Amino acid sequence: MTARDELEILIVEDRQVMLKIIRRLLVQLGYAHIDEAVNGLQAIEKIHQKHYDLILSDWNMDGMSGFDLLKQVRAEPATHDTPFVLVTAESKPENILATKAAGATGYLVKPFKLDVLEKTLDGVMARTGFVSLTTAA
């Protein structure tokens with residue numbers, strides 16, 4: 001497995017405060033190459049310009065939801081296998097099941113703590129299957 005500080009990560013989040021929180025937590029975990037997009041449309045542009053090892057996306061955003069972004073990422077051969085985690089306040093079981101069916105690698109419910117983010121990302125990057133720690137505190 002590649003070291004955390006070598007991975008290219010894209011955070012897709014429309015709220016600046018949450019974007020900064022996620023970035024700070026990733027840096028604390030040792031991730032060094034982090035790009036940002038404020039919506040799904042901007043994320044698609046970035047994904048077409050650069051390879052990412054991991055995409056973390058909010059669900060609810062204007063222009064293109066994180067769920068729609070996931071479906072587009074999975075539809076493209078170049079990004080079909082890129083680990084993709086939905087990071088959202090939506091904890092409805094039907095959303096989690098829909099996300100898993102659409103090909104997400106993980107699902108993380110806001111708010112979350114550093115240890116939950118670490119466990120989720122470690123599971124996702126180890127390719128252990130779908131990772132959802134919605135009951136973790």
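The buried residues of helix 4 pack against helix 3, strand 4, strand 5 and strand 6, so let's start there, keeping in mind that this is a predicted model. Helix 4 covers residues 93-101, and its buried residues are N95, I96 and T99. These three share one side of the helix because they span an arc of only 100° around its axis. After the helix comes G103, with a positive phi near 105°.

Now follow the chain on either side of this helix. Helix 4 is the link between strand 4 and strand 5, and the β-α-β crossover it makes is right-handed. The two strands run parallel and are joined by four bridges, with V85 standing opposite G106 in strand 5.

On to strand 3, which pairs with strand 4 in the parallel sense over three bridges. S57 belongs to strand 3 and stands opposite L86 in strand 4. What surrounds S57? Beyond its neighbours within four places in sequence, it is in contact with V12, G66, L69, F84, V85, L86 and V87. Strand 3 and strand 4 also form a right-handed β-α-β unit together with helix 3.

Step back and the whole sheet comes into view: it is open, has six strands in the order 2-1-3-4-5-6, and its pairing is parallel. Strand 2 and strand 6 (131-132) are the edges, each pairing on one side only. Helix 3 (residues 66-75) packs on this sheet, touching strand 1, strand 3 and strand 4, and its direction makes about 175° with that of strand 4.

At the strand 2 end, strand 1 (residues 8-12) and strand 2 (residues 33-37) pair in the parallel sense over five bridges, and E8 stands opposite H33. The chain gets from strand 1 to strand 2 through helix 1 (residues 16-28), in another crossover that is right-handed.

That leaves the packing. The largest nonpolar core has 23 residues, and L26 and L56 touch the most other members. Strand 1, helix 1, strand 3 (54-57), strand 4 (84-88) and helix 5 (114-125) each give two or more residues to it. Which residues does L26 meet? Leaving out neighbours within four places in sequence, L26 is in contact with I9, I11, Y31, I34, L56, L117 and L121. There is also a second, separate core of 22 residues, including L10, L70, I96 and V109. I96 brings us back to where we began, as one of the buried residues of helix 4.

Technical notes
Residues numbered from 1 in each chain as written. Predicted model: local features only at pLDDT ≥ 70, side-chain atom pairs only at ≥ 80, totals over all residues. Heavy atoms only, no water. Pairing = 2+ DSSP bridges. Right-handed = clockwise from strand over helix to strand, strands pointing away. Core = buried A, V, L, I, M, F, W, Y, C linked by side-chain atoms within 4.5 Å. Buried < 20%, exposed > 50% of the residue type's maximum accessible area, 1.4 Å probe, protein only. Contact = heavy atoms within 4.5 Å. Axes fitted to C-alpha atoms, helices over the stretch in contact; angles between N-to-C directions. Arc of directions from axis to C-beta.
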